[in-house]
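Please look over the sequence and the fold together before reading on. The paragraphs below follow the packing of side chains and then turn to an open space.

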Amino acid sequence: MDGMAGRSGRAGGPGTRRGPWCSRSWAIVPALLVAGLGMGEGLQAQASPGIPLSEVLERLEAVNPELRRADALSGAAGERVDPAGALPDPMFTAGLMNLPAWSLDLGMEGMSMAVLEVGQRFPARGVREARVQAAEARVQASTHRRDALALELRVEAAEGYAELLYLDEALDVLERTRTLLAELAEVARVRLGEGSGAQVDVVRTHTELARIEEQVSGLRAARSRAEADLSALLDGSLPPGFQAARPEGWARLLALPATADDFTTAVPDHLPGLGLPPVSELLDQAMARHPRIAAAQAALAVDEAEARLSQRERRPDIEVMLGYGLRSGRDNMWSASVTLPLPVFRARKQDPLARAAAGEAEAARSALRTEQAEVEARIRSAWSDLVRARERFHLVERLVLPQAHATVESAMSAFRAGSDLVSFLSVLESLMTLLASETERARSARDLALASARLDAAAGTAFFLDSGS
């Protein structure tokens, strides 16, 4: 850029012949500066209120197919609780007994009779209770899995929403830049025709215009993809081309400035002013009620109930049978019997099943410990991402943007004074740098929003996602 300014510096010299377009060029460049200085306002306001994130999350809960499937599975698990504790259906038997083979006459033989029998099997003591406990634990596990899925989908929707917000802001920056560059290209062309400009001014402005056209095309395609992905989470219920609006929770992250103590090599365990508890409290809360941990605890309860059930099923069931025999011309007869299975194959059947159930329960305990460790790791990682993303945003806000503004102001002052040290392209480069800095600010705001959403998911909280829009 410095070399380019040196070769074309004569365009701004005091002896340069200035035509009628010169006054227009002087007017347009300050307009560029004002536009560049105003880019930061795009982070605080949108052209249209659009659909707030809170409404997107409400639609997600209402129409997402995966959540509907999880709801159906939870309902199905609930329907199995009562049958788990019910007795087996009684058995009814009707038949003929001791009927002569050749005559088929009930009155010929005294022991011939028509028999009606009713039987009922009674599971061993404690079996029904263990089955109910296992069924209830499955309901809890299904419910908690559904909650964990909802949390993950909410974060996925928030990430897509943050991406749309960033793409809209980046497109807004590029659209304004394209308009201003088109005007500058015309100024450069006229000045070249008058002999007061350089060919490189025209070439560079057209090159920048072509580059911006390419970026606009890429961002529009990216926006279409992001919008389609987000709409798919909501079963296609989002209208095409809707506008995103920055939620209150994300705006609070941007508005609260970082302090000097935040910019350290160590990750702080507390961020005052954000409404967030320290990391240690987040960990305690997550261990107590995070849906993933709750689902792992319920899965452990299921396997422990199954282990108790396997132990109790080693005891034999009892079957009671009552019968009534009708005899022709003779007294009718009652009968009763009790049936017990003989566990002669217990060592090959019941005992291995009991050991298998105990092993599954032990595996579930290990899975719970693994889940607790993973949740802790996610919280610490998400917290670190939030802290560093916040630092990066405020570094851009404090250092990069002020430097870009100062460069533009310095170039403008020298350009107005007709200095040979500052060329038309130098002013253009400084303005493009400012616009790039505004784009970086929008990108940093997006990364901060993503980090906050992931912290919500990691901790099982809703500090940022449920704060409204």
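L230 touches V56, A157, G160, Y161, L164, L238 and F242, leaving aside residues up to four places away in sequence, where contact means heavy atoms within 4.5 Å. This is a predicted model, in which local features need pLDDT of at least 70 and side-chain atom pairs count only at pLDDT 80 or more, while totals for chains, interfaces and linings use all residues. Residues are numbered from 1 along each chain as its sequence is written, and side-chain values use heavy atoms, with hydrogens and water left out.

L230 also belongs to the largest nonpolar core, where V56, Y161, L230 and W250 touch the most other members among its 48 residues. Such a core is a set of buried Ala, Val, Leu, Ile, Met, Phe, Trp, Tyr and Cys residues joined through side-chain atoms within 4.5 Å, buried meaning under 20% relative accessible area with a 1.4 Å probe and protein chains only. Two or more residues each come from α3 (53–63), α6 (127–194), α7 (199–233), β4 (244–245) and α12 (424–459), helices being DSSP runs of H or I with at least four residues and strands runs of E with at least two, numbered from the N terminus. The most, 18 residues, come from α6. Apart from this core lies another, of 26 residues, including V279, L368, L448 and A459.

W250 leads on to helix α8 (residues 248–255), in which G249, W250, L253 and L254 are buried. Seen down the axis of α8, these buried residues fall within an arc of 140°, taken from the directions from the helix axis to the C-beta atoms, so they line one face of the helix.

Terms used
Buried means under 20% relative accessible area, exposed over 50%, partly exposed in between (1.4 Å probe, protein chains only).
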